[in-house]
Amino acid sequence: MSFCCGASMVGTKGTLKHYRTQVHNVPLLFCPVCHRVEVHYKVENEYEILAEYAHGDGVTDVDFQDYVMEDEEAIFENVINVESEDPLSIVRSQIDMALDLLAVAKQIEDTKWERELKKRLAVMSQRRHRLQQKA
């Protein structure tokens with residue numbers, strides 16, 4: 001499980017650009033608060049190798065799934081949420097987790113972590129409100 005801004009990142013697949021090469025369907029983790037994106041650690045080495053070879057060969061587009069046969073379920077088995085879930089459900093789960101972590105941060109008197117979690121909660125609460133307005 002990967003963490004950012006005080007709680008877990010969401011699993012998804014996306015496209016990354018490596019110089020002039022677009023690598024599609026790369027397993028990614030992203031933070032729903034600060035929008036940081038990173039290649040999932042289980043396929044990070046494979047991504048680097050594929051991206052370098054594709055760039056070296058002058059390929060402009062490559063599909064990660066064509067070369068790496070890692071099972072999607074196995075890759076994302078350790079993430080709390082995946083992007084294909086209901087967005088409101090993801091936000092609620094993220095809020096619940098942040099509240100649990102906030103209780104821990106208060107208990108151990110980690111004020112920096114508390115501030116980070118409160119910031120995350122504010123962002124996620126706004127996102128929840130927007131999603132509820134759409135429904």
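Across the interface of domain 1 and domain 2, the rule finds zero salt bridges. Keep that in mind as you explore this predicted model, because the whole structure does hold two salt bridges. The protein chain is divided into domain 1, residues 3-76, and domain 2, residues 87-133. Let's look at how the two domains meet, and then visit a few residues by name.

**The chain as a whole**

- The protein chain has 135 residues, and buried residues make up 39% of them.
- Its secondary structure comes to five helices and seven strands.
- Starting at the N terminus, you can follow the elements in the order β-β-β-β-β-α-β-α-α-β-α-α.
- Along its principal axes, the C-alpha trace spans about 55 × 35 × 25 Å.
- Among contacts with a separation of 6 or more, 60% come from residues 24 or more positions apart.

- The centres of domain 1 and domain 2, taken over C-alpha atoms, are 26 Å apart.
- Ten residues from domain 1 and eleven residues from domain 2 take part in the contact.
- The size of an interface is often given as the accessible area lost when the parts come together.
- Here, domain 1 and domain 2 bury about 840 Å² between them, and 59% of that is on carbon and sulfur atoms.
- On the side of domain 1 that touches domain 2, there are seven nonpolar, three polar and no charged residues.
- How many residue pairs are in polar contact between domain 1 and domain 2? The count is one residue pair, with both residues at pLDDT 80 or more.

**A buried threonine**

- Find Thr21 in strand 4, which covers residues 21-30.
- Is Thr21 buried or exposed? Thr21 has 1% relative accessibility, and the cut-off for buried is under 20%, so Thr21 counts as buried.
- A polar atom of the Thr21 side chain lies 2.7 Å from the backbone oxygen of Val59.
- Leaving aside neighbours within four places in sequence, Thr21 is in contact with Leu16, Ala54, His55, Val59, Thr60 and Val62.

- Side chains of opposite charge can pair when their charged atoms come close.
- Arg36 counts as partly exposed because its relative accessibility is 36%, between the cut-offs of 20% and 50%.
- Glu38, at 26% relative accessibility, also counts as partly exposed.
- Another salt bridge joins the side chains of Glu77 and Lys42, at 3.1 Å from N to O.
- Where in the chain do Glu77 and Lys42 sit? Glu77 is in the loop between helix 3 (72-75) and strand 7 (81-82), while Lys42 is in the loop between strand 5 (37-39) and helix 1 (44-56).
- Glu77 has a relative accessible area of 58%, which is over 50%, so Glu77 is exposed.
- Lys42 is partly exposed, with a relative accessible area of 27%.

How values were computed. Residues numbered from 1 in each chain as written. Predicted model: local features only at pLDDT ≥ 70, side-chain atom pairs only at ≥ 80, totals over all residues. Heavy atoms only, no water. Domains from an automatic or database assignment. Contact = heavy atoms within 4.5 Å. Buried area = accessible area lost by both parts, 1.4 Å probe. Salt bridge = Lys/Arg side-chain N within 4 Å of Asp/Glu carboxyl O. Polar contact = N/O pair within 3.5 Å; in protein donor to acceptor, adjacent residues only side chain to side chain. Nonpolar A, V, L, I, M, F, W, Y, C, P; charged D, E, K, R; others polar. Helix = DSSP H or I, 4+ residues; strand = E, 2+ residues; numbered from the N terminus. Buried < 20%, exposed > 50% of the residue type's maximum accessible area, 1.4 Å probe, protein only.
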